[in-house]
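Here is a friendly briefing to read alongside the model. Keep the viewer open and follow the topics one by one.

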Amino acid sequence: GARGAQARAAQPQAAQPQVVQQPPQRPRVAPPRPRSRFNADFGPEALVALRKDLDRGQVMGIGKGLGDFADVLKKAEALNLVGTQGRNKAITELIAEIGAYCNEERRQSYDAEKKLGAKGSRITVQKYETAQAMLLEVRRLAEDGADAAFPGRGDRSSAQYLQQRQDHAARLAEMLGAKSASAGSSDVKLIKNGDNKVAYAFKSIEGETEQTTMEPGGATMRELMASAFGDAIRAQCGLDFGFPAVTAATIGNKPGALIEGLSGECFDVDGSRKELEKGERTQEETTAMRQVWENRAATIAPAELQKVMLSGLAMGNFDVKWGNMMVEADGSVRPFDAGTAFPSTCDMASAIARDLIPINLTMAPGGTDLASAQAPMDPALVAQFAAIDTNALRRTMAAARAEAARASGLAEDLVDDAAIDRALHSITIVQDILQASPQITMTDFANAYGLRMGELVSAADLQAFQALDAEDPSLINLKPREFATRLKARLAG
């Protein structure tokens with residue numbers, strides 16, 4: 001384990017390079033997305049021609065004709081005729097109709113006919129591919145409408161920013177769906193855009209996991225504060241961890257944290273295991289996917305992984321793993337999920353008592369050694385992290401906590417002063433390690449940090465935790481919130 005490893009011998013202090021300002025990662029300006037071609041590709045004239053073409057597949061009642069695809073055409077024709085008032089309803093009805101048409105049985109039939117090439121049924125292939133093309137364009141049409149209705153959602157300086165962002169997310173969720181994320185113990189809804197990519201993630205207070213010691217709303221407050229935390233550090237020294245923008249919102253009458261959607265892919269080993277257990281993927285598919293992750297992980301620049309590691313530790317977030325970061329097509333990496341940042345006394349004592357390994361990025365997603373974990377720390381990253389002013393950050397985070405409580409309606413003491421101090425002390429520990437060994441590798445850094453984690457909780461608090469844990473060893477696992485309440489009462493008494 002990290003805490004049991006021998007500390008790396010201190011190296012002579014090297015001259016620190018100048019802080020290098022880097023282009024900010026957030027807020028990013030997304031490339032112009034394709035607008036819907038529904039009106040051009042599936043307008044009244046196009047549908048007439050399509051209906052005529054597909055009906056040619058049936059002669060005198062023999063052969064394949066429109067079949068159930070006629071219902072899809074009827075919904076598309078209805079959308080073309082409807083006015084502005086009923087447009088959203090017509091869009092959702094068409095999306096639902098296409099979804100019913102493109103069921104698993106029909107997909108398998110399409111695959112079989114497609115493999116036959118010229119010998120396969122042209123009508124079967126054409127109907128399925130047309131349905132898929134129509135689905136993409138009608139989804140984009142829905143997003144076009146939402147974008148037009150809430151133009152201020154991306155302007156953080158606008159007084160309407162928060163409300164429009166919330167309303168935009170709610171509109172997309174209503175029309176395009178919100179699917180529960182496969183991994184994690186909290187209920188996280190992924191709100192999709194027209195291209196079926198994640199536009200927002202929404203963590204409701206109601207859906208927060210009961211597997212932590214935090215009271216309801218604790219994770220939401222931490223997500224909000226983590227967003228402000230990243231902004232403050234970027235403003236101080238130019239270091240941008242790329243943590244997503246988070247705002248308080250109410251979606252579907254449920255309050256919680258609305259999180260910026262991140263592009264890329266998540267190498268979520270835990271999620272893939274759950275999909276396998278549920279039968280959503282075969283063992284062969286899971287193995288192939290993990291091998292792809294393994295290969296891609298080997299190409300990620302060491303500085304990108306180092307940045308994710310430091311992002312987590314800067315907030316006292318010890319849930320640093322592949323499943324809590326997005327890898328983009330260009331190899332850049334962005335962290336997410338700060339639900340366990342700014343740890344409480346109980347959470348911190350639990351981590352120390354159980355010899356928690358705080359960094360799980362030194363191994364690739366498939367469990368093999370990661371070569372980049374043996375690379376020295378990036379000099380620019382080291383210099384920027386060294387420039388973080390924890391005293392100024394303490395004032396900023398106190399203000400951010402007050403604002404998060406105001407925006408969400410939650411209590412400030414869900415993240416107490418001690419929790420903020422732990423994150424700031426964690427920054428100091430990181431700065432000390434990097435100052436002593438600026439070229440330390442990520443593997444050796446994990447060992448060095450693990451040896452100092454005990455500083456983040458007092459001996460008295462740790463002893464109280466261990467005493468309570470000894471009285472009822474199962475309580476912290478079965479009822480962590482009750483355990484935390486008892487510990488708090490014991491420490492207060």
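**Overall picture**

Residues 24 or more positions apart account for 71% of the protein's contacts with a separation of 6 or more, where contact means heavy atoms within 4.5 Å. This is a predicted model, in which local features need pLDDT of at least 70 and side-chain atom pairs count only at pLDDT 80 or more, while totals for chains, interfaces and linings use all residues. Residues are numbered from 1 along each chain as its sequence is written, and side-chain values use heavy atoms, with hydrogens and water left out.

- The protein has 19 helices and seven strands; these are DSSP runs numbered from the N terminus, helices being H or I with at least four residues and strands E with at least two.
- Of the 493 residues, 48% are buried (buried is under 20% relative accessible area, exposed over 50%, partly exposed in between, with a 1.4 Å probe and protein chains only).
- The C-alpha trace spans about 85 × 50 × 45 Å along its principal axes.

**Helix 9 against helix 10**

- Helix 9 (residues 269–277) packs with helix 10 (residues 283–297) at an angle of about 170 degrees, and their axes are 10 Å apart. Axes are lines fitted to C-alpha atoms, for helices over the stretch in contact, and angles run from 0 to 180 degrees between N-to-C directions.
- Helix 9 and helix 10 are therefore roughly antiparallel (over 145 degrees; under 35 is roughly parallel, 65 to 115 roughly perpendicular and the rest oblique).
- On the helix 9 side, Val-269, Ser-272, Arg-273, Glu-275 and Leu-276 make the contact; helix 10 supplies Gln-283, Thr-286, Met-289, Arg-290 and Trp-293.
- The residues of this contact divide into four nonpolar, three polar and three charged. Here Ala, Val, Leu, Ile, Met, Phe, Trp, Tyr, Cys and Pro count as nonpolar, Asp, Glu, Lys and Arg as charged, and the others, Gly among them, as polar.

**Aromatic pairs**

- There are nine aromatic pairs, counted when rings of Phe, Tyr and Trp (its six-membered ring) have centres within 6.5 Å; planes under 30 degrees apart are stacked, over 60 edge-to-face and the rest tilted.
- Phe-69 and Tyr-101 form an edge-to-face pair, 5.4 Å centre to centre with 65 degrees between the planes. Phe-69 lies in helix 3 (residues 69–81) and Tyr-101 in helix 4 (residues 87–101), so the pair ties together parts 32 residues apart in sequence.
- Phe-69 is buried at 0% relative accessible area, and Tyr-101 counts as buried at 5% relative accessibility.
- Tyr-110 and Tyr-128 are stacked, because their ring centres are 4.6 Å apart and their planes lie at 20 degrees. Tyr-110 is in helix 5 (residues 104–115) and Tyr-128 in helix 6 (residues 122–149), so this pair ties together parts 18 residues apart in sequence.
- Ring pairs also link Phe-267, Trp-293 and Trp-322 into a cluster.

- Glu-223 lies in helix 8 (residues 218–237) and counts as buried at 1% relative accessibility.
- A polar atom of the Glu-223 side chain lies 3.1 Å from the backbone nitrogen of Ala-338.
- Not counting residues up to four places away in sequence, Glu-223 touches several residues, among them Lys-203, Phe-243 and Asp-337.
- Arg-234 is also placed in helix 8 and is buried, with a relative accessible area of 19%.
- The side chains of Arg-234 and Asp-231 make a polar contact (3.2 Å). A polar contact is a pair of N or O atoms within 3.5 Å; within protein, one must be able to donate a hydrogen and the other to accept it, and residues adjacent in sequence count only if both atoms are side-chain atoms.
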